[in-house]
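Work through the exercises below with the sequence and the model open. Each task is followed by a solution in steps.

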Amino acid sequence: HKGQSAAYRRQLDWGVFTTCLLCVPSAFGLYVFAEPVLAMFFLGGKFQMVDVIKTSKVLKIMALGVPAFTLQKILVCAYASKKHMQWPTRCAMLSLAVNVVLSVCLMPLLGYLSVAGAMCVSGYVNVALLWWWLYDEHEEACVGQRVYMLSRVVVAGIPLLGLAWVLPTLEVW
């Protein structure tokens, strides 16, 4: 807003990288530990094992969308700092339309999982549109060295997925 585009790019780059540094491993961890966490907190009473299994499927799908849900907030702040809120509003409306259409179309195939899947896909659609417009404005969010760093964050988070084979069975939890 004040014409300090170099500082703006550095802050945007840092925000995207830091968000991914925190959210990608968190998403992997939430995916791996979905069943144990739900079993520890909710199993018993009216919440039975079948409920834990079904809810964990939804939580695993939602875990895949955690990076998108958080990146949206960083990218919208980038637009707000330049007082360009028209494009994020359009992106949100388009991603909402994608969410509704996918939920309805996937319902016969996936049932209750379609809502979670549609939310994740629409989150990534929103991030892609926001990112594309920033890149189109020559802000070049997260390019060059940061793409390499982000790929390292993803690769570093992959061993968390290996924990799924080491964890005790759901009955133990």
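**Helix packing and aromatic pairs**

α1 and α3 are roughly antiparallel to each other. The model is a predicted one.

**Exercise 1.** Derive the orientation class of α1 and α3, and list the contact residues.

Solution. Step 1: the axes of α1 (residues 5-32) and α3 cross at roughly 170° and come within 8 Å. Step 2: angles over 145 degrees count as roughly antiparallel, so α1 and α3 fall in that class. Step 3: α1 contributes A27, L30 and Y31 to the contact, and α3 contributes L59, K60, A63 and L64. Step 4: by class, these are six nonpolar, no polar and one charged residues. Step 5: K60 lies over the face of Y31, 5.4 Å from the ring centre.

**Exercise 2.** Classify the packing of α3 against α4.

Solution. Step 1: α3 (residues 49-64) and α4 (residues 66-81) pack at about 45°, with their axes 4 Å apart. Step 2: this angle makes α3 oblique to α4. Step 3: M62, A63 and L64 of α3 meet V66, P67 and F69 of α4. Step 4: the contact has six nonpolar, no polar and no charged residues.

**Exercise 3.** Describe the ring pairs of W132 with W87 and with W133.

Solution. Step 1: W87 and W132 have centres 6.1 Å apart and planes at 55°, a tilted pair. Step 2: W87 is in α5 and W132 in α6, 45 residues apart. Step 3: W87 is buried because its relative accessible area is 18%, whereas W132, at 48%, is partly exposed. Step 4: W132 and W133 have centres 6.1 Å apart and planes at 65°, so this pair is edge-to-face.

Notes. Residues are numbered from 1 along each chain as its sequence is written. This is a predicted model: local features need pLDDT of at least 70, side-chain atom pairs count only at pLDDT 80 or more; totals for chains, interfaces and linings use all residues. Side-chain values use heavy atoms; hydrogens and water are left out. Axes are lines fitted to C-alpha atoms, for helices over the stretch in contact, and angles run from 0 to 180 degrees between N-to-C directions. Helices (H or I, at least four residues) and strands (E, at least two) are DSSP runs, numbered from the N terminus. Angles under 35 degrees count as roughly parallel, over 145 as roughly antiparallel, 65 to 115 as roughly perpendicular and the rest as oblique. Contact means heavy atoms within 4.5 Å. Ala, Val, Leu, Ile, Met, Phe, Trp, Tyr, Cys and Pro count as nonpolar, Asp, Glu, Lys and Arg as charged, and the others, Gly among them, as polar. Rings of Phe, Tyr and Trp (its six-membered ring) pair if their centres lie within 6.5 Å; planes under 30 degrees apart count as stacked, over 60 as edge-to-face and the rest as tilted. Buried means under 20% relative accessible area, exposed over 50%, partly exposed in between (1.4 Å probe, protein chains only). A charge sits over a ring if NZ of Lys or CZ of Arg is within 6 Å of the ring centre and within 35 degrees of the ring normal.
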